[in-house]
Amino acid sequence: MNCQDHLWRKADPVATTRRWFFQDCGVGLGSIALWSLLNGEAGAAAAGTQGEGRTHHPARAKRVIFLFMAGAPSHLELLDHKPELARYDGKLPPAGLIKDYRAAFINPSSRLLGPKFRFARHGSCGAEISELLPHLAETVDDIAIVRSMVTDAFNHAPGQILMNTGSQQFGRPSFGSWTTYGLGSDSSDLPGFVVLNSGKKGPSGGNSNWGSGFLPAVYQGVQFRGSGDPVLYLADPPGVSRSTQKDSVETLTRLNRLQLEAIGDPEIATRIHSFEMAYRMQESAPDLIDLSGEPEHVLRMYGAEPGKPSYANNCLLARRLLERGVRFVELFHEAWDQHGNLVNDLKENCRDTDRASAALVKDLKQRGMLEDTLVIWGGEFGRTPMVQGGSDGRDHHPNAFSMWIAGGGIRPGLALGASDELGFNAVEDRVHVHDLHATLLHLLGFDHKRLTYRFQGRDFRLTDVFGNVVEKMLA
Amino acid sequence: MGDEPVQTPRSIYLPGGGGWNESKQVTSIPFRAQQGAAQGLRGLGAAVAAAAWWAGLSLPQSAPGAPVKPEDHWAFQAPLRPSLPAVQNADWVRTPVDGFAMARLEDEGLMPAPEADRVTLLRRWSLTLTGLPPAVEEVDRFVADKAPEAERRALDRLLASPHYGERWGRHWLDAARYADSDGFEKDKTREVWFYRDWVVKAINDDLPYDEFIIEQLAGDLLPDATQDQVVATGFLRNSMVNEEGGIDPEQFRMEAMFDRMDAVGKSILGLTIQCAQCHDHKFDPIKQTDYYRMFAFLNNDHEANVAVYTPDEQMRAAEARRAVAEAEAELQHRHPDWKERMAEWEETVRRESAGWEVAQPEVEEISTGGQKYLPREDGSFLAQGYAPTKHTVTMTATTPHERITGFRLELLSDPDLPRGGPGRSIKGTAALTEFRVSAAPAAGGEAIEVVWGEAAADVNPAPAPLDKIFDDRSKVERLTGPVSFAVDGKGETAWGTDTGPGRRNQPATAVFWAKEPVGFPGGTMLTFSLQQNHGGWNSDDNQNHNLGRFRLAVTAVERESETPPVSERTLGWLAVPPAERSEAQWLGLFRAWYRAIPDLREEATAIGALLDDYPEGATQLVLQEREQGRVTQVLKRGDFLKPSERVDAAVPAFMHPIPGENDGSRLAFAHWLVDRESATTARALVNRVWQNHFGAGLVSSSEDLGSQAEAPSHPELLDWLAVEFMESGWSLKGLHRLILMSAAYRQSAAAAQDMLARDPYNRLLARGPRFRVEGEIVRDVALAASGLLDRRVGGPSVFPPAPDFLFQPPVSYGPKVWPVSTGGDRYRRGLYTFRYRSVPYPVFQIFDVPNGDFSCVRRVRSNTPLQALVTMNEPLFLDCARELARKALDCGGDDDRERITAAFRACAGRFPGEQEMAELEGLLQRQRERFREEPDQAAELAGTSILPGCDPGEQGSWVVLARVLLNLDETITLP
């Protein structure tokens with residue numbers, strides 16, 4: 001994912017990396033002065049041309065948590081109530097509906113399968129939510145549900161890559177990378193974009209889901225773990241104490257500075273800062289993942305257990321990361337590919353995730369962070385109204401699915417769009433993945449058509465050549 | 001010029017080729033006549049583009065919606081050799097490169113930097129050519145060697161090193177998007193290291209670049225293609241493969257085709273042509289039809305996977321084949337009547353193979369386990385896409401037959417299967433757990449299960465425990481064996497096709513006779529169940545054991561004899577009248593015969609055993625031309641479901657014509673790509689070579705020389721090098737000598753602040769290159785400096801230690817295999833580290849190494865805290881620090897200063913300065929004191945390999961020092 005453009009005059013990654021340290025990381029006036037000393041006008045020019053740290057319009061959201069439900073959860077059992085589908089249970093879908101429809105596994109002309117769970121209205125907005133999501137039901141007045149999502153892909157890897165990078169082609173920068181590229185990072189000792197994994201498998205799209213594509217590697221998602229070494233190679237080797245490490249890094253700095261004086265190459269200054277920041281990360285990251293200091297009621301709210309890796313722990317970690325200035329946190333929970341065992345797997349998945357997802361919204365709200373934090377929940381596509389297997393499975397389905405989004409300028413209590421009565425096609429206020437990206441970037445202060453990066457003779461953007469801001473979603 | 005190193009300034013100037021006579025004047029535009037320069041610049045070529053670029057002017061682009069005219073963009077005209085510019089500072093010029101460099105400096109009013117010292121020079125040459133730092137002794141020897149030939153000798157030595165091919169091969173492998181796995185969700189491992197080794201060898205041999213390209217595009221189509229030339233086509237097969245459940249294989253074949261086009265565009269043509277996949281190129285004159293015309297050259301192939309052998313294995317294979325041939329001759333000698341006896345058998349086989357009707361059943365989608373059964377014209381099915389390790393496919397067919405006596409299952413070879421099949425396992429083998437058929441009235445009604453009588457097959461391996469690659473963790477003992485295993489009602493046994501190395505990738509045919517004929521008046525509906533449960537536990541890995549390609553048939557005739565059935569191929573030979581049979585056909589029939597008849601069973605077994613030592617070899621993904629070409633159509637918006645107008649293979653009209661006849665083959669396309677008249681091929685390559693030596697290309701956007709490209713900093717130099725490269729036989733080594741011997745390359749990298757501000761990226765060449773080495777080399781340098789490096793060249797990829805959790809869910813989609821290498825393989829060069837696309841080796845990922853998802857001709861070079869964590873803490877880097885410490889203590893000298901000097905020089909080449917020495921001595925003293933307090937920690941850090949008589953505290957302190965040295969900016973920087 002690192003085949004990147006690095007001498008483009010509009011946004012040189014070398015300069016960008018330096019800027020990231022000296023400007024975006026808030027490491028203090030002295031360093032900023034050093035930065036301009038080292039880069040002079042050239043650096044200043046590079047800094048001014050792109051959106052980094054400078055939005056196109058005032059941002060409503062400054063941080064993002066993307067709860068990516070990899071595998072594709074069934075909208076029909078969770079967020080999109082289809083009583084008519086229940087009536088047609090066991091019947092074949094209308095031939096006109098499935099004409100030219102391509103399914104991954106099933107013959108499109110398979111019998112319809114009624115929803116397996118009950119729905120009820122909640123909150124003052126009266127949103128209909130499945131009985132599987134009792135905790136989310138408590139937050140419906142703070143979230144917006146979109147029931148008219150559509151995508152282009154119906155296989156996992158391409159679908160996930162599309163949702164995360166705006167393209168089915170591997171090698172494009174991820175949404176998190178674009179966001180940190182646009183907004184920079186507020187953390188001086190943590191990466192701007194952090195990735196956490198839970199669930200039964202890893203995401204099908206692999207690390208391309210959080211890659212920086214042709215953007216500089218500083219914008220790439222960094223995988224954190226809730227146990228062990230939170231970041232790869234964070235711990236010093238056995239026998240290296242903190243004081244040894246401090247002495248080593250300081251000696252290294254002095255030696256590198258001698259080279260800097262002799263050669264003048266500003267990359268040496270960047271290297272010095274890389275080591276200093278790594279040293280700080282060694283101190284702060286273990287503290288960050290240590291949940292034992294969280295009050296009991298908070299742990300209970302999330303269902304988190306210190307030291308026991310889980311989706312709930314990751315949700316709580318996400319909040320702690322944001323508090324420390326991390327710009328973008330993405331949780332991957334791959335567990336939702338219910339070709340079979342739909343009922344039991346959904347029960348289990350919702351038991352594992354509903355409480356924590358809802359807790360995150362509540363917790364951020366209590367802390368006053370929700371108003372400028374976007375929380376996004378959803379997968380790469382939906383599931384077929386038609387059955388797969390006997391009577392307990394659904395196939396991949398790109399024509400309609402549901403997501404929810406909270407905070408950061410999203411209209412709370414909104415229920416946007418609708419699928420048809422079978423939940424097959426999105427028919428009202430259709431929101432394509434590109435539209436979602438355009439809208440989220442808008443809330444982050446960017447015109448999605450202008451947040452670009454020059455590569456291979458072309459200005460690339462998250463939304464490719466598509467996307468419209470969905471005005472109805474905005475508060 | 002050729003391979004002769006350039007030494008004498010001026011003496012090698014060549015007459016100008018015209019067309020650039022006024023170039024110097026043009027270059028000076030921005031500095032002498034900036035005003036009005038933006039007007040009327042188009043058509044003046046690269047020099048003006050460069051001039052405008054440096055003046056900060058934007059070139060007039062084409063009107064919106066209209067691409068640039070071919071004649072208006074410098075890179076669309078074939079390069080001509082420019083004359084060498086006259087410069088004032090002629091003494092500085094060492095190679096023609098310098099004339100162009102100096103002309104530019106003089107225009108800018110700049111002086112070049114002084115020449116770098118010899119230690120720096122050798123280190124720079126070594127790192128750029130081999131990716132390894134020079135040994136301290138090599139540095140000393142070079143510094144001491146005052147002979148005029150010393151530099152030339154040093155370069156010759158480096159260019160002759162096998163590590164040169166490793167370093168420059170890796171640059172090409174980026175462009176060739178090399179990886180050891182498929183990508184996408186399953187990201188299964190693949191065997192393609194033969195291609196990697198081919199690249200390294202080709203570069204070491206200085207295979208001319210035009211041939212280098214021709215072999216990679218069409219090596220298989222060259223006359224008497226060698227294994228190496230076939231392997232070279234792996235270039236086109238490095239595309240990702242999606243075997244996720246539920247995919248349409250054709251969709252992802254198309255994705256692979258697009259990827260191949262992109263790779264050809266970026267790596268060979270230096271053009272981004274992928275835009276034209278969906279629509280006419282917006283900026284360059286490449287139309288969508290042009291794209292699909294070029295696409296058509298590449299669209300007529302099987303995605304083949306063939307067995308390949310090392311030279312040693314090829315010898316063993318030849319020996320085994322000779323032994324078989326001798327034994328067969330002996331058999332014929334002992335049975336002089338073999339032709340007559342065979343004729344009887346032929347008659348029986350011919351009779352019994354008549355009267356079969358190919359069933360063309362429909363596949364029940366629900367039963368496929370996600371595997372695609374693609375129907376073929378001959379009534380067979382080819383298994384593609386996801387490969388479940390356990391499933392039972394059911395298929396139904398209706399036949400007018402009212403009385404069916406037997407059923408035939410042919411397992412067929414296919415180029416699209418591993419090693420040609422007939423199975424889908426990584427060995428190309430298959431196992432059929434059970435074969436069941438039920439029959440029902442065609443008009444509807446109760447089905448009855450066919451009860452089996454006899455079963456016969458031409459391939460009947462002896463019962464053997466299932467190969468451990470198919471372990472399903474059930475602890476049940478599973479077997480493969482003769483065809484009777486498919487009808488024994490037992491789930492543990494299966495009919496297998498694995499008759500051992502050298503024999504197993506052949507078609508196999510089985511006939512199953514019903515105990516009582518089945519059928520119904522008015523026709524019969526048959527349901528075939530092919531149970532394929534002899535795969536392993538993990539369908540996300542290479543553990544399937546499925547049928548690859550097969551065909552079903554039924555008959556109403558009675559079984560006459562015990563003679564086993566034969567394959568369609570054998571029937572084809574039979575059909576040739578004896579007088580007209582070729583030697584190969586006779587041999588094929590002879591083999592089928594002696595293996596089939598009962599009285600020669602012992603002899604057949606003995607001959608078979610001669611192949612037991614036949615080498616397994618490895619496999620390699622290659623292209624193999626189809627007998628029947630595909631029709632290529634323009635795809636609307638690049639969507640494979642929206643084919644429109646049909647196109648034939650051709651090249652864009654605005655580019656140079658195909659040399660010779662256009663027969664639509666890959667070979668014709670390959671010759672076109674490297675034709676002397678190609679405008680971009682040589683420019684793209686020399687520009688990338690320049691980029692890899694200097695850190696940036698003469699055109700910085702090295703993947704795109706099209707109209708949106710950055711203008712070249714030294715346009716005439718680019719063209720001069722391109723022409724020189726082609727005219728001197730496309731020799732990369734010659735090109736390296738021209739560049740590396742130049743005064744421009746030898747400059748010191750030190751620069752004052754005002755120069756850094758004026759020219760931050762060193763486009764003016766007023767100083768030498770200086771940049772952090774690439775990810776693999778960061779690791780190689782540490783290994784080499786410490787002495788741990790294992791310098792063996794080539795072979796299967798290796799698995800240095802990496803955190804296991806990365807290869808397990810929930811980080812990896814499925815559990816991946818990462819068998820950590822032991823011994824020297826831990827310390828092989830980064831080139832050999834196994835490359836999973838979805839879970840890249842983390843050290844490389846952090847250091848900007850591309851993962852091979854697509855062609856990359858220019859890496860980014862980032863500088864991040866995560867990189868600092870790697871070089872400080874990654875276990876292998878710790879091994880290096882320990883070894884460097886041990887070496888310094890053991891043989892670095894007699895006192896601290898000598899030892900520090902030795903370790904420092906191992907990392908940086910030069911001697912430490914006094915201040916540096918003081919810093920390092922201070923660190924050592926402080927660390928000794930710390931370890932005096934904490935002896936346990938010292939022992940932990942020092943590791944297990946304590947020198948005799950050495951105190952762990954002392955050795956541990958040296959590890960701390962060595963760790964600092966290995967982490968110096970200088971250690972991982974080309975100076």
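In chain B, B:P465 stands opposite B:L479 of strand β13(B). The model is a predicted one. It places 77 residues of chain A in contact with 84 residues of chain B. The points below take the sheet, then a helix pair, then the contact between the chains.

Sheet in chain B
- Strands β12(B) and β13(B), the latter spanning residues 479–481, run antiparallel and are joined by 2 bridges.
- They belong to an open sheet of 4 strands, ordered β8-β14-β13-β12 in chain B, and the pairing is mixed.
- β8 (431–432) and β12 (464–465) of chain B each have a single partner strand and stand at the edges, so one side of each lacks a neighbour in the sheet.

Helix pair in chain B
- Helix α26 (residues 775–786) and helix α29 (residues 875–891) of chain B pack with their axes 8 Å apart, at an angle of about 25 degrees.
- Because of that angle, α26(B) is roughly parallel to α29(B).
- The crossing of α26(B) past α29(B) is left-handed.
- From α26(B), B:A782, B:L783, B:A785 and B:S786 meet B:F877, B:C880, B:E883, B:L884 and B:K887 of α29(B).
- By class, the residues of this contact are 6 nonpolar, 1 polar and 2 charged.

- On the side of chain A that touches chain B, the elements giving two or more residues include α1 (13–24), α2 (29–49), β5 (193–199) and α10 (266–289) of chain A.
- α9(A) gives the most to that side, with 13 residues.
- That side of chain A has 34 nonpolar, 32 polar and 11 charged residues.

Technical notes:
Residues numbered from 1 in each chain as written. Chains lettered and ligands numbered in written order. Predicted model: local features only at pLDDT ≥ 70, side-chain atom pairs only at ≥ 80, totals over all residues. Contact = placed C-beta atoms within 7 Å. Nonpolar A, V, L, I, M, F, W, Y, C, P; charged D, E, K, R; others polar. Pairing = 2+ DSSP bridges. Axes fitted to C-alpha atoms, helices over the stretch in contact; angles between N-to-C directions. Parallel < 35°, antiparallel > 145°, perpendicular 65-115°, else oblique. Left-handed = near helix turned anticlockwise from the far one by under 90°.
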